[in-house]
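Please go through the model below.

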2 protein chains.
Amino acid sequence: MKKKSNQDSNSDSLEIKRHSCSHLLAAAILSLYPNTKFGIGPAINNGFYYDLELKQDLGTKDLKTIEKKMHELIAKDLKFEKKVISLSEAEKLFTRLQQPYKIELLRDLKEKGSTKMEKEKVNQKSAEKVTIYQLGNFVDLCRGPHVSSTKKLNSLAFKLTKVAGAYWRGDEKNKMLTRIYGLAFGQKKDLKEYLNQQAEAEKRDHRKLGKELDLFCFSELVGPGLPLFSPKGVIIIEQLKKEIEKVCAGYGFEKVMTPHLAKIELYQLSGHASKFKKELFRVHSDQGHNFVMKPVQCPHQTQIYASQKRSYRDLPIRYMESEKQYRAEKTGEVGGLNRVYAITVEDGHSFCRVSQVKEEIKNMVKIIKDFYTSVGLWENHWVSLSLRDYEHQEKYIGEPKDWDQCEEMLAEISKEMNLNAKRIEGEAALYGPKLDFMFKDSLGNEIQIPTVQLDFATPKRFNLVYTNEKGEDEYVVMVHRAILGSYERFLALLIEHFAGAFPIWLSPIQVYLTPVGEKHIPLAQKLEKEIKEAGIRTELDLNSETVSYRVRKAEKQKIPYILVLGDKEKQGNLNIRKRGGQTEQIQKQDFIKKILEEISQKK
Amino acid sequence: MKKKSNQDSNSDSLEIKRHSCSHLLAAAILSLYPNTKFGIGPAINNGFYYDLELKQDLGTKDLKTIEKKMHELIAKDLKFEKKVISLSEAEKLFTRLQQPYKIELLRDLKEKGSTKMEKEKVNQKSAEKVTIYQLGNFVDLCRGPHVSSTKKLNSLAFKLTKVAGAYWRGDEKNKMLTRIYGLAFGQKKDLKEYLNQQAEAEKRDHRKLGKELDLFCFSELVGPGLPLFSPKGVIIIEQLKKEIEKVCAGYGFEKVMTPHLAKIELYQLSGHASKFKKELFRVHSDQGHNFVMKPVQCPHQTQIYASQKRSYRDLPIRYMESEKQYRAEKTGEVGGLNRVYAITVEDGHSFCRVSQVKEEIKNMVKIIKDFYTSVGLWENHWVSLSLRDYEHQEKYIGEPKDWDQCEEMLAEISKEMNLNAKRIEGEAALYGPKLDFMFKDSLGNEIQIPTVQLDFATPKRFNLVYTNEKGEDEYVVMVHRAILGSYERFLALLIEHFAGAFPIWLSPIQVYLTPVGEKHIPLAQKLEKEIKEAGIRTELDLNSETVSYRVRKAEKQKIPYILVLGDKEKQGNLNIRKRGGQTEQIQKQDFIKKILEEISQKK
C-alpha cells in the first residue's frame, strides 16, 4: 500500500487513521470471508475503501455485519505489526496466503521499483526490501504508516457506506473487483455533519430535481450526453441569456451567430486541433464532406472580424454568442448536465488595440461582478491570476515576450481593481494568461466559471489586423471572456445552489392559481389574464383534485406564489401563500406590483 | 437535338424559335470559327444555349461579332432543311464533318435508342433512322422542329449574354466545353423588360447586399455552405425570432432546446434516415462515438413529449424551437444563403387529441397570416392542399386510413377558413398531408415557406401517448408547422424583396447621427444617448470625412433616418433625412415618438 506521507509517526493524523481503518476492514472481511483475495485499500477524501475479490455479492445487511466485526477487532486492541522483509520472502508469504493481486504488485516492485501504473513515471530500479503490516490474521503489503494498535481507532467515527464495482488497478481490461467504501471522521459530529451534507446534496442533485421540476431530460434514442431542455428549463436559460446580453450590451457587445461545423484547417491554425485531438467530433457524409464540430467558439468569431477591412476607428469590436459547442467526452464519463457532449457556451471576444486592453478587461470584470451579483454569488469570491507553466512553455502558442506583457498587464489590472488575484502557474489558456473567478455555492463547493483571457497569439495566427492612423496594418489584440460559462453547468449549479427554489426572476412559473371549486373558475381565469398581461409567468390549474393536493403539487414545484381562489377572493383581496409556507393578505393590484418589483430586483 | 414537343408545325411557338436560334448561333460560329466541334444546343427558359469545343476563349466583343453574323444569316433567309437518313449514313456524315460529340450521340442512339444519359430510363431499342437539319453550312443531328427559314426569326428579339464552362453532358468526368447563352423573346419590349428585371435582381442579390450591408459572411477556413452572421444580420434574425415567438406564444407555444446530434436509431424510427440517406452528416470520434447531425427538428421534440407521463388534461402541448439543422447538400450546389449546410429552422409542433386537431390547425393558419401580414407578404398568396402521390404510397410512412382522415380534415379546414386551397398530389410530407402557403416577392418570384402538416404516423412510431378520461393510453396526434422556414432563406428573401431597405423594425441601424463639425459632437452624443434610451438602434458616426461623404455612406447602408447635427439643431428642432431623400423638420420628442410608432406598426 502506498501513502502520500512517508512519516511513520505516532501523530496519527486523520489520514493515517483512515488508512488504518481500511486494514481493519480487510481484517474483518478476512475473518468473515476467509477466501477473499485482496486488492488495495487506500485512504481517500472523507474515508477509505478496499478492493476485494469475493465469492459472493454483498448487501446493506452484510455491511452492518462487517462493521460489527470491525468494532469487535477494535475492542481486542490488535497491534499493527510492521516488518521489513526481502522481496523474495514477501513473494513466498503472499503465495502461501494465496493473494494473487499482492503478488502482481510485488512483481511490479521487482521490475520497476514501483506499484504505479505504466503511464506514470517510475524510477525503474527494482525494490529490494518491502514493508508488510500484520493486523490479527490479516497481512498486507503496505508502505504505511499506521496507528500502533486498533485501540487508537476507538474514537474514530466510521461507517461503511456502499459497495461498488471497480476494475483492478482502474483498467477495464482487468477483472472487476468489489469495492467497499467507508466514511471515517475524527469525531461523531463530523461524520453526522458530513452525512447530513450528503443527504442535502442528494436532495439538491440537479439530475433528480431536473426531472421533478421538468427542466430537462435525456432520451435513449437521442443518446447520452445530449440533454433536451423542456419549456421550463428553457425559460431559465432564456432569462439568464437575456440578463447576460443586457449587461454585455451596456459595454458594447454585439451578438453574432456562427455554425457548429468548420474545416479542420480552422483548428489547425488556432491550435485547438492538437489541443483537443481525441475530443474532436469528426463529421463526414457519403458525398465527401469533411468537417469537425467546433470544440470552442473563438476561431469562428475571428472569421467575422476578418470578413471586413477594419480601421483603428472601428475598435474595439466586441462579439458575443450563446451557442452549442461539441466535445467528445469519454463515453463512460458523461452524466447529468455537468459532463455533456453538447455544451451551450456563452462566449465573447473583444478585438482591440494594445492601448485599449486594460479598459476592455476592466469592463469585463465589471460585467462579471454585475452578473454574479444579480445571481447572488458575488460574495465569497476569489480571483486567480492564471499564468503559464514556465517549465512547459511548449504547451502554449505565441511568443514569450507577448506572454510577459500580457501577464504583466493582468497583474496591473488586479492591483488597480483591488482584485487581490492569487498568482497560479500552469493554469493559463492555450493562447494567453487569464483572470479566473472562483465562487462558493450553498453546499460550500468551489466553482470556477467566469474568466477573462488576454491573447496576442491568435490574431497573429489568423492575421487579424486593423489599419492604424498612419495607414499601416497592425495586429489586433483579442480579449476572451466567459461570464456564465456553459448554460448546462450553470443550470446544474443554480438548481443545486437554490435546491430548485429559484429566485422569482428565474422561476419558470412565478404564480400558481387554482380555484376552490368550479364556480370560482371564471374568477381564476380573469386573474390569470391580468397577471399574464402584466408579464408575469403564471399557471392556472383547473384539475379536479382536492385543493390541498393541488397546493402540495405546486409546493413540490417550488413555485414562489400560490393562490387558491374562493369566495373570499371575489372582492380582490387575495390570500397568497409564499414559498416556505407563510401566507399574506394583499390587494390584487398591490400583489402584481410587488411581484414585478421582486422580479426587477432579482429577489 | 431533342425537343419536348414532337409536332413539326408552322405555328412557330417561341420555344421553336428559341431552339432555331441556337442553330442560327451554331451556324454563325461555324462560319467564324470553322474548326469548332459542336455539342448540343437546346431552347431554355427565356432563350437558348449552345455547347461548343472552341480553340480560343471568347469575350464580350466576340459575342457582338457572333450576334452580327447571326443577323447577316437571318437576312440571307436560309432554309432549315430537314432530312431523315439512316444511322449509318449519319455516322458517315458527321465523321466527314469531324464532329466527335455528334458521333457519340449517334452511338447512343444505336445502342439505346436514346441520347439520354444512362441514369434515365431508356427504351433500349436501337434507332434506325435519325433526322438532321441543315442551315447553310451547319448540319445538326436534331429531332426538331424548327422554323422553316431564318426569315421567321426576323422579329425575334435576341441577345447573346454570356460565356460559361459546362461539362459535356453535365458529367464532371467529361471535357469542359464552352457554353454560349442567349436570350430570345417574341418582342423587343419583352427582352428589355427581362433585362431590366435581371439588372434589378442583380442589384438586389442577397449575396452582394449581404456583404455591402455587412449582414453575413463566409470564410475559407470555416468552409462553404456555412454562413457566419455579423452583428447587423443577427439583429434582423433576432427581430424576426422575437416576432415569431410573440405571435406563437399567444397561441400557447413554448420554447424547447435540443442538441444537434442524435443516434441514427432516432432517424431510423422516424423514417428520416432512409429519406435523407446521402444528406446525413455522420459524426464520430476517435473514442468510438457514433452520431448523426439532425436533418430535421421533429424527432428530437418527440423525445421531450415522451419524457413525462401525459394526461388528456395536459393537451395540447405545443413546442417551438429555432435551431440549426444540418444537411449534406452536394458540394457543388451550396451558395449564398439559399443553399447551405447549416440551416436555422424555426420549427414547431402541437401534440393534441384528434378532437383538437382542427382548432390547432386553424390557430396555426392564423399565426401564418399574422406573421406574413407583419412582414408585408400576405397579399397575393395562395394555398396548396398537398396530398399523397397516390401511385407511390410506398414513399410515405403511416396507414392509408389515417392518411384518408388527415387529408379530409385539411380539406374541411380549407373550406371552413375560405383558404381556397388547390389540391396538389404528390406534395405531401413523409408522414402526412399539408397546407402550404405560397407568396410572391417584389420581383414576382413565387416563394413557398409556411406549412401546416398533419401527422398520425410519427406518434405511433415513437409510441407517443396520453391517458384519456378512462385511464387508457391513446396515441396523440402531431401537427407540424413552419412559419418562416429557415432564417437563412428568409433573410435572403427579405434582402431581395426590400433591396436591403428593410422596414424600420428590422433595420439593423434605425437612426444614423453625425455632427457637422467637432464642436457639434457633444450635441450628437447627447441625442444618441436619448435615442438609445428610447430603445432605438442608433449609430453615431464621428469620422472626420466630409459631411456629404458621411451622408452618402449612410445612404448606401439604407438607414431609415439620417440626421446631420449642426448649429440649427441646437434648439432641438431636427432636420431629418428619410431613406429615399425627403427631408423633414421635426422636434426631437416628436421624432422619437414617430420612430417608436413606426417600429411598433412594423412600417
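Beyond its neighbours within four places in sequence, A:Gln510 is in contact (heavy atoms within 4.5 Å) with A:Ile504, A:Trp505, A:Gly535, A:Ile536, A:Arg537, A:Ile559, A:Pro560, A:Tyr561 and A:Ile599. This is a predicted model, in which local features need pLDDT of at least 70, side-chain atom pairs count only at pLDDT 80 or more, and totals for chains, interfaces and linings use all residues. Residues are numbered from 1 along each chain as its sequence is written, chains are lettered from A and ligands numbered from 1 in the order in which they are written, and side-chain values use heavy atoms, with hydrogens and water left out.

A:Gln510 sits in the loop between α14 (487-498) and β24 (511-515) of chain A. Helices (H or I, at least four residues) and strands (E, at least two) are DSSP runs, numbered from the N terminus. The relative accessible area of A:Gln510 is 1%, so the residue is buried. Buried means under 20% relative accessible area, exposed over 50%, and partly exposed in between (1.4 Å probe, protein chains only). A:Thr538 lies 28 residues from A:Gln510 in sequence, yet their C-alpha atoms are 5.7 Å apart.

Now to a helix. In α5(A), A:Leu191, A:Tyr194 and A:Arg204 are buried. Seen down the axis, the buried residues fall within an arc of 150° (taken from the directions from the helix axis to the C-beta atoms), so they line one face of the helix. Their cover includes β7 (157-167), β8 (176-185), α6 (206-212) and α14 of chain A. The face turned away carries the exposed residues A:Lys188, A:Lys189, A:Lys192, A:Glu193 and A:Lys203.

Chain A has 17 helices and 28 strands. Of its 603 residues, 55% count as buried.

| Item | Value |
|---|---|
| Residues in contact, chain A and chain B | 67 residues and 67 residues |
| Area buried between chain A and chain B | about 5700 Å² |
| Salt bridges, chain A and chain B | 4 salt bridges |

Buried area is the accessible area (1.4 Å probe) that two parts lose on being put together, summed over both. Carbon and sulfur atoms give 62% of it. A:Leu221, A:Met257 and A:Gln287 supply 13% of the area that chain A buries against chain B, more than any other three residues. A salt bridge is a side-chain nitrogen of Lys or Arg within 4 Å of a carboxyl oxygen of Asp or Glu. A:Glu238 forms one with B:Lys255, with the closest N and O atoms 2.7 Å apart.
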